[in-house]
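Here are some notes for a colleague who is opening this structure for the first time. Please read them with the model on screen.

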There are 2 protein chains.
Amino acid sequence: MVIELTRLREQIDAIDSEMVGLLKRRLQVTAEIGEVKSRHGLPIYAPDREAALLADRRQEARRQGVPPDLVEDVLRRAMRESYSSQQTGGFRKLNPSLGPVVIIGGNGQLGSLFGKFFSLSGYQVRVLERDDWARASEILEGVGMVLVSVPISTTDAVIRRLGGLPRECLLADLTSIKAAPLEAMLAVHKGPVLGLHPMFGPDVANLAKQVVLYCDGRGEAAYAWLLAQLQVWGVRLHRVGAREHDGAMALIQTLRHFTSFAYGMHLAEENPDLAELLALSSPIYRLELAMVGRLFAQDPRLYADIIMASADNLKMVKRFYVRLGQAMALLEHGDKQAFIDVFKRVATWFGEYAPRFLKESGELLQRAHDSRDDEKAT
Amino acid sequence: MVIELTRLREQIDAIDSEMVGLLKRRLQVTAEIGEVKSRHGLPIYAPDREAALLADRRQEARRQGVPPDLVEDVLRRAMRESYSSQQTGGFRKLNPSLGPVVIIGGNGQLGSLFGKFFSLSGYQVRVLERDDWARASEILEGVGMVLVSVPISTTDAVIRRLGGLPRECLLADLTSIKAAPLEAMLAVHKGPVLGLHPMFGPDVANLAKQVVLYCDGRGEAAYAWLLAQLQVWGVRLHRVGAREHDGAMALIQTLRHFTSFAYGMHLAEENPDLAELLALSSPIYRLELAMVGRLFAQDPRLYADIIMASADNLKMVKRFYVRLGQAMALLEHGDKQAFIDVFKRVATWFGEYAPRFLKESGELLQRAHDSRDDEKAT
């Protein structure tokens with residue numbers, strides 16, 4: 001039996017070695033593709049080509065009796081690696097005559113990420129930090145675009161200092177709220193204005209498929225090049241109104257952060273043995289704990305700023321608190337049927353999204369489960 | 001340029017075709033391994049072999065200049081597929097002389113999953129459903145093991161009906177609380193008793209690496225075969241005290257379900273456009289929405305039962321409600337520094353787990369991001 005198993009395992013090892021070689025060749029070819037794209041200013045993320053490639057390989061998998069999902073997952077993972085390697089060759093500069101790009105807060109994490117991509121595309125990038133205002137006129141000399149990347153709490157004050165920009169300069173910001181900064185930018189600057197909200201943290205490996213929301217300020221024709229440039233970097237753009245944006249963010253960003261914060265407070269007060277909790281957790285509970293815990297590895301100031309960004313946020317949190325109290329009353333009365341009725345009403349509201357979310361998160365949890373091994377489980 | 005790109009893309013397609021072939025061969029060999037293991041009653045999940053295989057391939061990847069994480073992710077995904085295919089050949093029966101296994105609630109989702117695995121291992125499986133109690137003595141004739149797999153709210157009543165089991169029969173349950181059912185089983189049955197809590201839903205593709213918590217009831221020697229059998233199916237066992245188990249579950253299960261329930265209520269009342277929310281969501285917010293929405297695709301009765309399982313649960317929820325109120329007070333007073341102080345205190349409590357969770361969830365979100373395409377994003 002041992003001999004039989006050893007022989008089979010040697011075969012697996014040989015196959016896996018071939019796999020390493022194949023992945024190596026794939027990365028070499030995609031690096032070449034990246035060079036060609038960069039030379040011609042083509043976006044590194046090509047959704048149509050990606051979809052066609054996957055459809056072809058899925059069909060081939062079916063013909064050969066290999067699970068198509070296995071093939072798709074493997075190829076998607078390989079493609080992610082390609083996107084990372086494709087960026088290092090640089091990108092085409094879509095606005096060759098643009099003056100320097102000045103990033104206010106350009107030494108911050110997000111500011112420097114954008115600085116890197118502007119540099120990789122051949123733009124001259126200058127940084128204006130807190131202590132640089134004395135020589136601001138020097139830094140802003142001949143500026144083609146100003147990008148504001150500072151904490152929410154100082155955004156307004158920073159924008160007010162930008163009264164003297166050249167008329168044709170593009171003024172844009174990366175703040176995670178949009179209505180107030182956009183208003184401030186439009187008030188202080190008469191030229192083109194654009195509000196951006198990158199929906200990713202500074203820790204992303206590359207910008208392929210990352211979402212950037214944008215709110216029109218003024219002068220669409222004058223910032224069209226920037227939107228195109230973001231797409232060359234692989235970004236997916238989504239246009240949204242500033243008020244609509246802020247309402248949605250209060251729900252999907254502020255409230256999530258706030259409940260994670262309260263949950264973390266609660267855990268710390270209850271003070272369970274975290275290692276034992278994890279040992280007892282299925283992938284879904286482990287993930288939920290991780291989604292709470294990850295907050296506390298980050299900058300408290302950033303989250304204080306996001307959560308306290310507006311009075312509307314507080315009102316939203318209050319409404320949530322009331323509803324949590326109502327949900328708790330159902331438990332207090334031990335009213336199972338009332339709980340089930342509310343549950344069904346919410347399920348109806350989610351509609352076809354509920355089963356879709358179940359499927360989608362199930363697939364993701366399965367992937368989390370793939371990596372479960374003894375080392376990580378303890 | 002088009003010709004150049006087409007030529008390179010043809011190379012990619014050829015490499016990807018080879019990959020499909022390689023995955024096919026890999027699955028064929030692992031199927032053979034599964035047969036050998038099944039014949040000899042070896043567990044399908046072999047952590048040491050898996051770790052050694054990955055370490056070897058990572059090293060080879062490094063030598064060849066291929067990112068080791070890429071190779072590991074691809075191999076882990078392929079291994080998951082192998083576990084699924086390895087189960088279909090059946091498993092060795094570790095307790096050949098055992099009488100029939102009677103699963104109470106064996107037509108339910110979880111009950112039938114366990115029934116399938118007992119059958120695949122050659123045990124005779126009988127089902128006792130709600131309407132079968134009249135002919136219970138017939139079904140229980142010569143029984144070797146009774147497995148209780150019914151809703152929490154009826155577990156106690158069901159167990160009380162099991163007074164007349166043969167002394168040597170093993171009595172076990174799958175309830176997601178453990179103290180009360182275990183007590184009830186010990187009271188009603190004088191033979192071996194074991195409490196099990198499978199930490200997975202009935203939708204898992206296979207049992208490889210799935211966690212089952214177990215609480216000793218009585219007669220460890222008489223149920224050792226069952227623990228070994230679970231391991232043959234690929235299960236990872238974790239022993240825990242019943243009270244300790246219930247305390248941990250109140251935190252990691254009840255409270256999460258409850259807050260998701262309240263969050264869903266809140267969303268339905270706020271009534272935003274869900275499609276637009278998703279379009280504006282980064283992978284992390286999409287995942288958080290999905291983790292809430294997935295609840296409402298499931299059985300309300302199951303969650304009512306879990307959340308209302310004990311008075312301790314209600315007390316826990318109340319403490320959480322109080323803490324959420326305290327967190328809200330920080331916002332109401334606009335006291336950013338107090339918020340930051342609490343944040344830091346909680347971060348200290350999480351300790352090294354906070355950065356670890358950030359990393360772990362970051363990797364998972366990256367995988368969620370791999371699958372992001374236009375179809376799924378809308």
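1. Helices here are DSSP runs of H or I with at least four residues, numbered from the N terminus. Glu72(A) belongs to helix H3 of chain A, which covers residues 68-87. Glu72(A) is buried, at 13% relative accessible area; buried means under 20% relative accessible area (1.4 Å probe, protein chains only). Leaving aside residues up to four places away in sequence, Glu72(A) touches Leu54(A) and Arg58(A), where contact means heavy atoms within 4.5 Å.

2. This is a predicted model: local features need pLDDT of at least 70, side-chain atom pairs count only at pLDDT 80 or more, and totals for chains, interfaces and linings use all residues. Residues are numbered from 1 along each chain as its sequence is written, chains are lettered from A in the order in which they are written, and side-chain values use heavy atoms, without hydrogens and water.

3. How does chain A relate to chain B?

4. Helix H12 of chain B (residues 300-307) is largely enclosed by the rest of the structure, because six of its eight residues are buried. Among them are Pro300(B), Tyr303(B) and Ile307(B). The buried residues of H12(B) pack against H13 and H14 of chain A, and against H6, H9 and H13 of chain B.

Notes. Buried means under 20% relative accessible area, exposed over 50%, partly exposed in between (1.4 Å probe, protein chains only). Helices (H or I, at least four residues) and strands (E, at least two) are DSSP runs, numbered from the N terminus.
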